[in-house]
Amino acid sequence: MMNTNSLAPEAMPTLSIEDQQRLDDLLTQSLVLNDNYMGYPAAKDFNYEFLTPFLNFQLNNIGDPFVTGTWRGDTKQFEQEVMAFFAELYHAPKDNWWGYVTNGGTEGNLYALYLARELYPDGTVYFSQDSHYSVNKNLQFLNMRNNMIRSLPNGEIDYEDLRETLKVNTDSTPIIFANIGSTMTEARDDIKKIKNIMIELGIERYYIHSDAALSGMILPFVDNPSPFDFADGADSITLSGHKFLGSPIPCGIVITKKDMVDRIARSVAYIGNLDTTVTGSRNALSPLILWYRIRSLGLEGIQRRVNSALAMTERVLDKLKAAGIEAWRNPNTITIVMPRPSDTLVNRWQIASTESFSHLILVNGINEAKVNQFIEEFAAERQRKEEAS
Ligand SMILES: *Cc1c(COP(=O)(O)O)cnc(C)c1O
């Protein structure tokens, strides 16, 4: 690729030796930490060096991804193709979808809840106690009425509790915030079951959002996926791009129905554009990253990665069980739930944990030898504890 650096080398500002050293140290540290984590849903098997020339430009996807305003230094063509890919993958209604590349799952969820509130100002949000921690904050931002629903032991929403709660709250439009891969156990709320509850209770007006931050990249590639997309009844879907696909910077997408968005779009003369997105100036590199990833992998490449991550998860689960550790997972997930190891192990292997349990997430690019090393350390630690008691 052409050298696109606009500065002559002699005009490039240089760092002091000390500052260069700090960057070198950060690089070394990043290499080590990156190789060791196994409890976070962020894939490691990527290389975006091809895109580095674009770091030398002022790129900004300000405003609506489908509108060209007065500012032209953007990657909106690529963003549109990324969104078209997901529209098809998630069976969005033809010619009636809209969405954009976000800074991550949280922004997508905020957008979806905002849209739902504008459509149904009288709405109440229903979400399970296993929902991502950001949901409460988003509901506070938006000042929306809400109801937390119990979860089943596997992390899925408790449909009985949802039914009973809906029954006694008939004065307000239900806005369902469904977890499609809960944070701790990757449990998926079944939106077909949720729709059936609506039918059973005679509720005609409601909104369903699928928070598919991690699983949104797995479910389209497995047999008998649990229902979560537009064909199953979702009104909006979010995905985190840096999770299953993998990206050096956090990113994601939110996709919804165009006729819904059109009802709340506002035009802004200053940028000659529509103020449809949560932020004004928007990252133009992340659409390029997602585009590059999707184009270079293709559907077959993604399918291969899904198969390989699921197969690795099964191998690791077998090893944990063989070592006498009570580990389990939900079907078709890459998340293994297990008792909480000591703080030493939790920190060494960067394992996300609650008070009582932890999980491993077997993303692509994980070093399986290191996972096996962790299992040995964990088993030995438990052995010692047993002997001591
Ligand atoms: C990670 C995650 C989020 C938040 O996504 P970010 O990209 O970190 O903002 C929301 N919901 C679920 C289920 C997640 O796993």
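Helices (H or I, at least four residues) and strands (E, at least two) are DSSP runs, numbered from the N terminus. This is a predicted model, in which local features need pLDDT of at least 70 and side-chain atom pairs count only at pLDDT 80 or more, while totals for chains, interfaces and linings use all residues. Residues are numbered from 1 along each chain as its sequence is written, and side-chain values use heavy atoms, with hydrogens and water left out.

**The ligand and its surroundings**

- The ligand is surrounded by Gly104, Gly105, Thr106, Asn109, His132, Gly181, Asp211, Ala213, Ser240, His242 and Lys243. A residue is near a molecule or strand if one of its heavy atoms lies within 4 Å of it.
- Which helix gives the largest share of the shell around the ligand? That share, three residues, comes from H3.
- Helix H3 (105–119) and helix H7 (242–246) each supply at least two residues of this shell.
- The side chain of Asp211 has an N or O atom 2.6 Å from a nitrogen atom of the ligand. A polar contact is a pair of N or O atoms within 3.5 Å; within protein, one must be able to donate a hydrogen and the other to accept it, and residues adjacent in sequence count only if both atoms are side-chain atoms.
- An oxygen atom of the ligand is 2.9 Å from an N or O atom in the side chain of Ser240.
- For the side chain of Lys243, the distance from an N or O atom to an oxygen atom of the ligand is 2.8 Å.
- On its own the ligand has 380 Å² of accessible area, and the protein covers 87% of that. Accessible areas come from the Shrake-Rupley method with a 1.4 Å probe; for residues, only the protein chains shown count as cover.
- The largest pocket is the space taken by the ligand. On a 1 Å grid over the protein atoms alone, a pocket is an open set of points where a 1.4 Å probe fits, with protein on both sides within 12 Å along at least five of seven lines; a cavity is a set from which the probe cannot get out, and lining residues have an atom within 4 Å of a point. A molecule sits in a cavity or pocket if more than half of its atoms lie within 2 Å of its grid points.

**The loop between E5 and E6**

- Phe221 lies in the loop between strand E5 (207–211) and strand E6 (236–240).
- Is Phe221 buried or exposed? Phe221 counts as buried because its relative accessibility is 8%. Buried means under 20% relative accessible area, exposed over 50%, and partly exposed in between (1.4 Å probe, protein chains only).
- Apart from its neighbours within four places in sequence, Phe221 is in contact with Leu89, Leu299, Ile302, Gln303 and Val306. Contact means heavy atoms within 4.5 Å.
- Asn224 also lies in the loop between E5 and E6. Its relative accessibility is 74%, so Asn224 counts as exposed.
- Asn224 is not a glycine, yet it has a positive phi of about 45°.

**Another residue with a positive phi**

- Asn332 has a positive phi of about 55° although it is not a glycine.
- Asn332 is found in the loop between helix H9 (285–322) and strand E10 (335–339). With a relative accessible area of 26%, Asn332 is partly exposed.

**Buried residues in strands**

- Ser210 is part of strand E5, and its relative accessibility of 0% makes it count as buried.
- Leaving out neighbours within four places in sequence, Ser210 has contacts that include Ala178, Ile180, Phe228 and Thr238.
- Pro174 is in strand E4 (residues 174–179) and is buried, with a relative accessible area of 3%.

**Distances along the chain and in space**

- Pro65 lies in the loop between helix H1 (17–36) and helix H2 (76–89) and is buried, with a relative accessible area of 0%.
- Pro65 and Tyr100 are 35 residues apart along the chain, and their C-alpha atoms are separated by 6.3 Å.
- Pro174 and Pro341 are 167 residues apart in sequence and 40 Å apart, C-alpha to C-alpha.
- Ala11 is in the segment before H1, and its C-alpha atom is separated by 48 Å from that of Leu115, 104 residues apart along the chain.
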